[in-house]
Amino acid sequence: MSKVQIKVNDNGSLRISGDVELIDAEGNPFETKPAFSLCRCGLSAKAPFCDGSHKGKFESVVRAPKPESSEE
């Protein structure tokens, strides 16, 4: 099984790649490809998938905390 990767795109979607199953609240599976994008802005007509509706209308830049450097 390949490791799943979720990339938080600047001002856009969540890009999912790897062996993952996407299901709805009732447990029904969505048909997905090996890599797909999930909507983060709530504007997509193809929810939960991204359709590009966020462009110019959604801003979010998220960064993981940088590890603290150890000084010796």
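Guide: Contact here means heavy atoms within 4.5 Å. The model is predicted, so to speak of local features requires pLDDT of at least 70, side-chain atom pairs count only at pLDDT 80 or more, and totals for chains, interfaces and linings use all residues. Residues are numbered from 1 along each chain as its sequence is written, and side-chain values use heavy atoms, with hydrogens and water left out.

Visitor: Which pattern does the protein follow along the sequence, and what is its radius of gyration?

Guide: Helices (H or I, at least four residues) and strands (E, at least two) are DSSP runs, numbered from the N terminus, and the protein has zero helices and three strands. Read along the sequence, the pattern is β-β-β. The protein is more spread out than a compact globule, because the globule rule gives 11 Å for 72 residues and the radius of gyration is well over that, at 15 Å. That radius is taken over C-alpha atoms, and the rule is 2.2 Å times the number of residues to the power 0.38, so the answers are β-β-β and 15 Å.

Visitor: Over how many bridges do strand 1 and strand 2 pair?

Guide: Two strands pair if DSSP finds at least two bridges between them. Q5 stands opposite S17 in strand 2, and strand 1 (residues 5-8) pairs with strand 2 (residues 14-17) in the antiparallel sense, the number of bridges being four.

Visitor: Which residue in the hairpin of strand 1 and strand 2 takes a positive phi?

Guide: This hairpin has five residues between the strands. V61, found in the segment after strand 3 (35-38), touches D10 and N11, not counting residues up to four places away in sequence. The residue with a positive phi, near 55°, is N11.

Visitor: Is S13 buried or exposed?

Guide: S13 lies in the loop between strand 1 and strand 2, and, leaving aside neighbours within four places in sequence, S13 is in contact with K7, V8, S37, L38, R40 and C50. Buried means under 20% relative accessible area, exposed over 50%, and partly exposed in between (1.4 Å probe, protein chains only). With a relative accessible area of 7%, S13 is buried.
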